[in-house]
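Colleague: Please take a close look at one part of this model and walk me through it. State the cut-offs as you go.

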Amino acid sequence: MGKLTTILIKEMKDLLRDPKIVIGMIVVPLVMFPAMGAMFRTGIESAEGEIQLGVIDLDNQEFSKAFITALQNNPSVKLADLESQDTEDAIREAESAELKVFIVIPEGFTSDIEDVAGAEIEGYALVKGLGMSEVISTARVDEIIQRINRQLSEAVIEDQMPGVDPGNVINPITSRGYTIVQGKKVNVPPALIAGLISSQSFIVPVVLMVMILFVAQMAATSMATEKENKTLETLLTLPVSRLSILAGKMGGTAVVSLIAAVAYIIGFSYYMSAFQFDSGELPINLEEIGLSITPVGFILLGISIFMAVLAALSLAMILAVFTQDVRSAQSLVSFTIMPLVFPAMILVFADINSLPTALKYVLLVLPFSHPTIAASAVALKDYGLVLGGIAYLAVFTLVVLYIAARMFSTERVITAKITFGRKKAKPER
Amino acid sequence: MNEIEKGIRMTAIEVENLVKNYGSIEALRGISFAVGEGEIFGLIGPNGAGKTTALRVVSTLLEITSGTVKVFGFDVKEDPEEVRKKISYLPEEAGAYKNLSGKEYLNFMAQFYTEGRNVREMIETGILISGLEDRISDKVNTYSKGMTRKLLVARALMMEPPLAILDEPTSGLDVINSQEVRKIIKGFARKGSTVLLSSHNMLEVEFLSDRVALIGEGQILDSGSPAELKERYTAQNLEEVFMEAVAHG
């Protein structure tokens with residue numbers, strides 16, 4: 001077994017046996033996120049089930065009866081007749097019947113509709129908490145009333161304006177949206193295309209941010225642990241090149257970070273899936289409008305992400321060299337890497353070319369923006385921008401790697417020191 | 001064979017006018033000493049005298065400000081990788097990988113020095129030296145301080161390096177464990193290996209070393225065999241020798 005492989009395997013073993021890493025970075029995302037998602041889903045589903053709705057009909061005329069019939073015909077409403085004749089009694093009755101929502105149809109409801117004088121109903125929500133299910137139940141009652149409202153409007157229009165399409169009276173203007181993508185006219189509104197692209201361009205920056213932060217934290221932990229546990233000096237006097245030590249540590253860290261990032265992404269996607277509901281079939285697909293990513297695009301995107309991860313690893317190693325313990329290393333890495341990674345999140349909401357010039361150049365200078373820029377650029381087949389980003393990242397990575405290698409081949413790996421809030425220690429003699 | 005070649009054959013370590021500065025602090029102020037092959041050479045002096053810095057320079061961890069240091073003829077500045085093939089360094093405050101078992105730790109280290117069946121033999125030697133047969137499969141984080149130190153001593157000696165550099169080898173050990181480790185080091189040197197060690201425990205160094213150098217404030221105050229030094233200063237032990245050397249120095 002090569003010496004590099006020996007270090008790499010040791011590194012993986014050491015990290016994967018650390019309960020803080022295994023529980024905090026692998027088990028928690030795999031268990032916590034899906035569990036949270038399941039809880040949300042349960043809350044939403046319970047709110048989405050049949051709604052128990054109490055009704056007090058003080059009008060008892062044609063339209064109030066029609067309204068109640070419409071509610072009865074709604075499959076997601078279970079109607080409960082309340083006998084109370086005023087609101088105070090109704091609240092007590094609703095509470096004892098454990099109803100969350102009840103409505104009161106006041107006297108004169110039918111005549112107000114007939115006179116087109118604007119009829120009113122009163123809705124009461126008995127909120128016991130501010131949970132998701134309370135909010136959703138109330139919103140769903142509103143939605144049902146809106147639907148009945150439209151039915152009633154249509155009935156009135158049909159009655160008073162025979163031969164006229166009630167839809168045209170309710171909505172006299174309808175808009176039809178078209179989008180021009182790369183010179184092609186697509187019969188869908190831009191919002192829909194933006195939604196489709198964002199699902200693609202959202203994943204890359206989020207995944208990348210998670211990966212880079214994981215990689216950087218793990219690399220810093222691995223390096224600082226050597227210092228904290230006083231194993232670094234021994235390691236550096238072994239008959240193995242310093243570059244192999246650096247490469248072995250980086251490789252082992254990268255593999256474990258990748259496992260942690262995959263765990264995080266799997267857990268997070270389970271969590272997110274709790275909020276996704278059937279949206280029906282999409283009227284377009286990205287391939288037809290030339291926004292799909294080709295195999296070449298995927299390769300370029302992969303190279304860009306790989307370069308960014310390598311840069312993060314090297315940067316974290318350099319930073320960790322200056323610290324004496326794991327906690328300081330993790331703090332220093334977070335303070336340094338976060339400002340380099342976080343601005344790229346802007347690109348989830350805006351294209352690089354639509355940003356103000358100064359901001360655009362700031363993002364282009366930050367190394368970790370480039371994979372995110374590449375994610376939308378490969379969809380638009382703007383390979384020049386992607387290759388430029390890769391070239392920049394390669395130069396940045398080489399410089400950082402060179403500095404890391406230099407630090408490892410000199411005494412600075414032992415003597416470099418940044419102290420947090422403490423007086424600089426005197427060097428040991 | 002000319003004089004230089006003869007010197008290389010016979011000398012394991014050659015330190016000449018070694019100066020080491022940390023910024024404006026002078027840790028070593030032009031020290032010189034030589035250690036012959038198969039010799040146990042001890043650096044003694046109080047805390048902060050420069051012992052650890054000297055050992056770290058010989059171990060290729062620290063860079064030289066001026067002067068030269070050669071290990072078996074290889075310059076630590078020019079050929080650090082060759083030097084590392086000849087040495088095994090035990091730092092004073094060393095630790096082992098806590099999430100590995102004692103055996104896994106020895107296995108990891110052995111793979112840098114040999115391969116195949118020899119790795120297993122080297123591990124067996126390490127286990128024997130450590131005296132941790134019953135606990136060798138347990139994780140290092142379950143070991144006491146003494147057990148960890150014995151594991152580290154075993155790691156440093158199991159590969160029978162031409163030169164073992166031991167910084168305070170019995171640091172943190174109780175009397176019984178300290179004696180055991182001293183015996184292990186003595187036995188190791190009898191096989192022909194060279195040992196450079198440091199300690200502030202002068203009685204320990206007197207027991208172990210063929211020759212010693214007294215070091216104080218980054219300078220070598222005197223050197224010789226313990227017997228020579230005791231005679232020179234008409235002292236009972238090295239502690240008295242050191243006090244006299246400081247008073248005269």
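Modeller: Helices here are DSSP runs of H or I with at least four residues, strands are runs of E with at least two, and both are numbered from the N terminus. The model is predicted, so local features need pLDDT of at least 70 and side-chain atom pairs pLDDT 80 or more, while totals for chains, interfaces and linings use all residues, and side-chain values use heavy atoms, without hydrogens or water. Residues are numbered from 1 along each chain as its sequence is written, and chains are lettered from A and ligands numbered from 1 in the order written.

The part I take is chain B. Glu206(B) sits in helix 8 (residues 202–208) of chain B. Pro226(B) is 20 residues away from Glu206(B) along the chain, yet their C-alpha atoms are separated by 6.0 Å. Setting aside neighbours within four places in sequence, Glu206(B) is in contact (heavy atoms within 4.5 Å) with Pro226(B), Lys230(B), Asn237(B) and Leu238(B). With Leu238(B), the side chain of Glu206(B) reaches the backbone nitrogen at 3.2 Å.

Elsewhere in chain B, helix 6 (residues 145–158) packs against helix 7 (residues 175–190) at an angle of about 5 degrees, with axes 11 Å apart. The axes are lines fitted to C-alpha atoms over the stretch in contact, and angles run from 0 to 180 degrees between N-to-C directions. Helix 6 and helix 7 of chain B are therefore roughly parallel, a term for angles under 35 degrees. From helix 6 of chain B come Lys150(B), Val153(B) and Leu157(B); among the residues they meet in helix 7 of chain B are Val181(B), Ile184(B) and Phe188(B).

Chain B also faces chain A: 43 residues of chain B are in contact with 30 of chain A. The area buried between them is about 3500 Å², with carbon and sulfur atoms giving 54%; buried area is the accessible area (1.4 Å probe) that two parts lose on being put together, summed over both. On the chain B side, Leu61(B), Tyr97(B) and Phe112(B) lose the most area to chain A, together 21% of what that side buries.

Five salt bridges cross this interface, each a side-chain nitrogen of Lys or Arg within 4 Å of a carboxyl oxygen of Asp or Glu. In one salt bridge, Lys20(B) meets Glu411(A) at 2.7 Å, N to O. Lys13(A) forms another salt bridge with Glu104(B), with the closest N and O atoms 3.7 Å apart. Lys13(A) lies in helix 1 (residues 3–16) of chain A and Glu104(B) in helix 4 of chain B, so this pair joins two chains.

Definitions and conventions:
Angles under 35 degrees count as roughly parallel, over 145 as roughly antiparallel, 65 to 115 as roughly perpendicular and the rest as oblique. A polar contact is a pair of N or O atoms within 3.5 Å; within protein, one must be able to donate a hydrogen and the other to accept it, and residues adjacent in sequence count only if both atoms are side-chain atoms.
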